[in-house]
Amino acid sequence: MNQHLSKRVSGAKRSAIRELLKLTERPDVISFAGGLPAPETFPGEKLAEIAAEELRERPQDVLQYSTTEGSRRLRDAIVEWLEPQGVHATRDELLVTTASQQGLDLVCKAFLDPGDVLFCGLPTYLGAVQAFNLFQVDKVGVPLNEDGMDVDVLQRRIAEQRAAGKRLKAIYVIPDFQNPSGITMSLERRKQLLEIAKREDLLIIEDNPYGHLRFAGTAIPPIASLDDEGRVVMMVTFSKVLCSGLRLAVMLARGVLMDALVRAKQATDLCTSKLIQIMAARYIEEVGLENHLETIRPIYRVKKEAMVRALETYMPKNAGIRWTNPDGGLFVWVWLPEGIDTEKLIDRAIEHNVAFVPGASAFVDGSGKNTLRLAFSLMDEEKIDEGIRRLAGVVEEALAALETTPIEAH
Ligand SMILES: Cc1ncc(COP(=O)(O)O)c(C=O)c1O
């Protein structure tokens, strides 16, 4: 039956992470693998109350189709929420989507033809890579350093691609607490990126699921807030700030870009669930996302601190192992010495009932074999400590097998 498959889907692989998650569902496994929000942050009771009331009192409205653009009430509530972050959107510049994964699908449908070049981080979000693969987009990786995407390398890659006669379209970035690395792009870097995009006439796809989950330090304005031309398309999902099961997000885009996205969404699902949109709108009106975020940020801070403390305690010293220490988001990223392949390490880790995501799948150039992602969001402090202790044991074994001469940690 293979002959019945489209070329598009034949070239797309199943997500290594989603396959791995199946293995880590065993209750005895301490899983740092899935990038799932902490379930104790979900406002179940309030949402149940709102849903019950809406279904009882306004079933003919909330069970009806919505417009493709999304409920006015929800978009108005989001306009107000984004305003203090310097994002001055009007209701018509917002498109409600069935979460940000759909946003990525719509970006591909609306802006990217097969063979078009898109620049992304090394590493980057695997789900985005899957969407780009499905649409046969040419992904060109650009390394990240501690301030985000390396713009010098980006400019070199742009020149190379132009010289090769390719059609360059977009830069995809996750500026805040990036998935998978936890790295945040500095303000200076955001400005430089926007300048490059202007000069080279590229779109910036700014994917921002984690910016609001900042639990320390000062917020950095989104790239969209610096954009005076409408070349930044920003996606903000409710998955991490409210709950992932609602499958709800918003895209900010202007002019013809918005029009193209609306046409793409019409052909994809007509509209996002009206009931879900009204539930979110009422939650924002009655509780407020900022009030909710204030209650959940400390939960993530405690977990992140527990993870970094455990890494400092248990990981072999002076072995060239380092990790990020983010001020928000869900992830810590670990670099092991060159020569250790984390895709091989994962089997051993699962034998020890601990799981992580090997980093290589997040690198579109096949590098990053010595890296891994740890989500601190799902486990409690005790499990984080125990899980990192087990992981450190597995890393120690791998180091012994490597027979590396110890080098200074950095
Ligand atoms: C960077 C990034 N973009 C998009 C998504 C998709 O989120 P959702 O479809 O739940 O909105 C995720 C989920 O983890 C993510 O990390």
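The legends below describe close-up views of a predicted model.

Local features are reported at pLDDT of at least 70 and side-chain atom pairs only at pLDDT 80 or more, while totals for chains, interfaces and linings use all residues. Residues are numbered from 1 along each chain as its sequence is written, and side-chain values use heavy atoms, with hydrogens and water left out.

View 1. Buried means under 20% relative accessible area, exposed over 50%, and partly exposed in between, with a 1.4 Å probe and protein chains only; helices (H or I, at least four residues) and strands (E, at least two) are DSSP runs numbered from the N terminus. Val232, Met234 and Val236 point one way from β8, whereas Val233, Met235 and Thr237 point the other way. Strand β7 (residues 203–207) runs parallel to β8 and is joined to it by 4 bridges, with Ile205 opposite Val233. Strand β9 (residues 249–252) runs antiparallel to β8, again through 4 bridges, and Val250 in β9 is the bridge partner of Val236.

**View 2. The open sheet of β10, β11, β14 and β13.** The 4 strands of this open sheet follow the order β10-β11-β14-β13 with antiparallel pairing, where two strands pair if DSSP finds at least two bridges between them. Strands β10 and β13 (357–358) stand at the edges with a single partner strand each, so one side of each is left without a neighbour in the sheet. Strands β11 (residues 331–335) and β14 (residues 371–375) are paired over 5 bridges, and Val334 has Leu372 in β14 as its bridge partner.

**View 3. Leu374 in the largest nonpolar core.** This core, a set of buried Ala, Val, Leu, Ile, Met, Phe, Trp, Tyr and Cys residues joined through side-chain atoms within 4.5 Å, holds 133 residues, of which Phe111, Phe119, Leu193 and Leu374 touch the most other members. Helix α12 gives the most to the core, with 9 residues. Beyond its neighbours within four places in sequence, Leu374 is in contact with residues including Phe32, Met307, Leu311, Phe356 and Ile388, contact meaning heavy atoms within 4.5 Å.

**View 4. The surroundings of Pro316.** Pro316 lies in the loop between α12 (289–314) and β10 (322–323) and is buried, with a relative accessible area of 17%. Leaving aside neighbours within four places in sequence, Pro316 is in contact with Ile321, Ala392, Val395, Glu396 and Leu399. The C-alpha atoms of Pro316 and Gly393 are separated by 8.6 Å, although these residues are 77 residues apart along the chain.
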